[in-house]
Structures are given as C-alpha cells and as structure tokens.
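This report covers selected residues and charged pairs in one protein model. Please keep the sequence and the structure in view while reading.

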Amino acid sequence: MAIPLRYFPDIFFICFFFLFPVNLAADNSASLLYCNYQQLCMYNLHTQKDGVVVNDLSDCYAVDYHFEKSIVFWSTEKKIYRSQNGTKTAVVESVESFGIAVDWLSDLVYWTNIQEKSVEVAKLDGSERRTVIKREEGAELKIIVLHPVEGILFWTDVGSSKKIERCDVDGTNRIVIASESLRHPEGLSIDIYGRTIYWLDRELQNLNKAKFDGTQRRVIYSSGEPLHSYFLDVDHHYLYWASGEIVSAIKKENGSDLVKIRTASRYYRGMKVFSHSKQPTRATSNVNLRKSLYT
C-alpha cells in the first residue's frame, strides 16, 4: 500500500527496523526519504517514526522528490520511476543511474546515465528527454545534485580522472571545482542557502566542504574507517549520510557532534532530507533568470 506524501508525518506504517532515537536540533518537520531495496520509506527526525511511502520495489539506487507536487522518484538498474498519490509509473526506460535530481521550479528531472557516461534531463513524466552533458570516454558520472534557483548542476566523476564538476542547467559554463586530493568521491550534497557543496570520499574516509566555485575547501570530518556511501544530504544544521545499515549525522559547519541516528535491518540505498525548506517555491525564487534547454 502506498501513502501520499502529504499525509506525512501524521500517518505512519512501522517498518522492520531497530531504532536509535536522538533529538537533533534540526527542522522539526524534516524527514529522511530513503529506500532499502524493497521499500521507499520516510523516517521523521522529530517524531523518530518510520513509514512506508512505496512498497514492492524491485531495486533502488537513488531517490529524490518534488515537495510541492508530492512526487517521489527513484532509480533502479534499468529504469527511473515516480510515484504520486500511490500510483507507481516508469518515466525513463533503459537507463541505469546512481543519481537523480529534481528541478522543482521548472518541473524537470535530471539523472546520470551510467551506460552512456552522460547527464540527461526530461519532464517529470519522462517526456522530451534530452542530453545535458554528452558522453566522454573514461568518465563515470555517479551522483548529481541541483540548485534550481541559480540553475546549477553538480556531479561526481569517479572514472579515470576523479573530480567534481558543475555547469549551468543547459550544459554551458562547465568547470571543475575539485580534482586534487580525491580518490573516490561518492556522496554529494549542497546547501543552497549557504552556497556550499559537501562530498564524501570513500577511500580517503572523510567528509569535505567547499564553496560553489571550489574555494574555501576543507575536510570537516575524518572517520578512520570505511565510508561506503553514495548517500549524503544536508539540512539547516546537520549533514546526514547512510553507510551500510547505519545513518549518521554531524554538524555541517565544523563536523562536530557525530551521532548515529539509527541502524536498520537492511542496507540503505538512496537517501534525501525531505523538507519544504529544501525546495523554496516560485514565490521566493527568481526562476526567470535561469537558463534552460526547454526555452
């Protein structure tokens, strides 16, 4: 049974997890949207309750959402799906993707295409599919995040040349913002209010931050143990990541106050902070200044 997102956090179906409750000084309405191979779930950071959003998944790599329209997206080995009000639909066929990014201002969805080594985009229903970043030999584009208000895409490349890049949403003004001291950048997230990008390096076992142009870069946390995670996201105060069966959090400014949020009985796959504050509306965004492939 699928539950429309607008009913959260009022209605919850308990998943099969062992919870480690913790009171975080974060937005009380924020939740973690995540998948665990077979289900797409929501964990409320304030009430510390869990609920199922979509059941009976065949697999899940990455997730994202459109808050205003109550739509969730997730990728599998072969397709990208969406669900709205309980209806599950395949919107993109024949694609393997580890990264999805929803443009909630222009109603578009972006993704990395593993086979084609590219970044693509389409309308929310999968129509008008186009290529933003074309195929490059040696590239392996993994995670993608989007700043719709400023019209900027960011992604990780874990191919022959490890790097983090950005470009405008129409594919222009492409630049490398990090290429040194990188071994395997996996998790990627941005703070749209602080204009800061965060990433997790699996092999260096650390979490990093920098400004959107790559300046003021620094390590904010070193684990001393493997950080196997593609899934990193940020809210007003904390940085969250899922590694195996554990979700952890630290303060985003300086990497202090490490805490384990919870431990699950299944491995986490995609994960996003689900909150209205993560997606400011058209009323507060100058969308007319943005470039687009659809104009």
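## Terms and basis

Buried means under 20% relative accessible area, exposed means over 50%, and partly exposed lies in between (1.4 Å probe, protein chains only). The model is predicted: local features need pLDDT of at least 70, side-chain atom pairs count only at pLDDT 80 or more, and totals for chains, interfaces and linings use all residues. Residues are numbered from 1 along each chain as its sequence is written, and side-chain values use heavy atoms, with hydrogens and water left out.

Strands (E, at least two residues) are DSSP runs, numbered from the N terminus.

A salt bridge is a side-chain nitrogen of Lys or Arg within 4 Å of a carboxyl oxygen of Asp or Glu. The side chains of Glu93 and Lys79 form one, at 3.5 Å from N to O. Glu93 is in the loop between strand 8 and strand 9 (100–103), and Lys79 is in the loop between strand 6 (71–75) and strand 7 (80–84), so the pair ties together parts 14 residues apart in sequence. Glu93 is partly exposed because its relative accessible area is 41%; for Lys79, also partly exposed, the value is 27%.

Ala90 belongs to strand 8 (residues 87–92) and is partly exposed at 28% relative accessibility. Contact means heavy atoms within 4.5 Å. Neighbours within four places in sequence aside, Ala90 contacts Lys79, Ile80 and Tyr81. The C-alpha atoms of Ala90 and Ile80 are 5.9 Å apart.

## Other salt bridges

The whole structure holds 17 salt bridges. In one of them, Lys209 pairs with Glu253, with the closest N and O atoms 3.7 Å apart. Lys209 lies in strand 19 (residues 206–211) and Glu253 in the loop between strand 23 (246–251) and strand 24 (259–264), 44 residues apart. Lys209 is buried at 10% relative accessibility, whereas Glu253 is partly exposed at 47%.

Lys278 and Asp233 also form a salt bridge, the closest N and O atoms being 2.9 Å apart. Lys278 follows strand 25 (271–274) and Asp233 is in strand 21 (residues 231–234), so the pair ties together parts 45 residues apart in sequence. Both Lys278 and Asp233 are buried.

## Arg195

Arg195 sits in the loop between strand 17 (185–191) and strand 18 (196–201) and is partly exposed at 35% relative accessibility. Beyond its neighbours within four places in sequence, Arg195 contacts Glu150, Ile152, Ala210, Lys211 and Phe212.

Conventions
Helix = DSSP H or I, 4+ residues; strand = E, 2+ residues; numbered from the N terminus.
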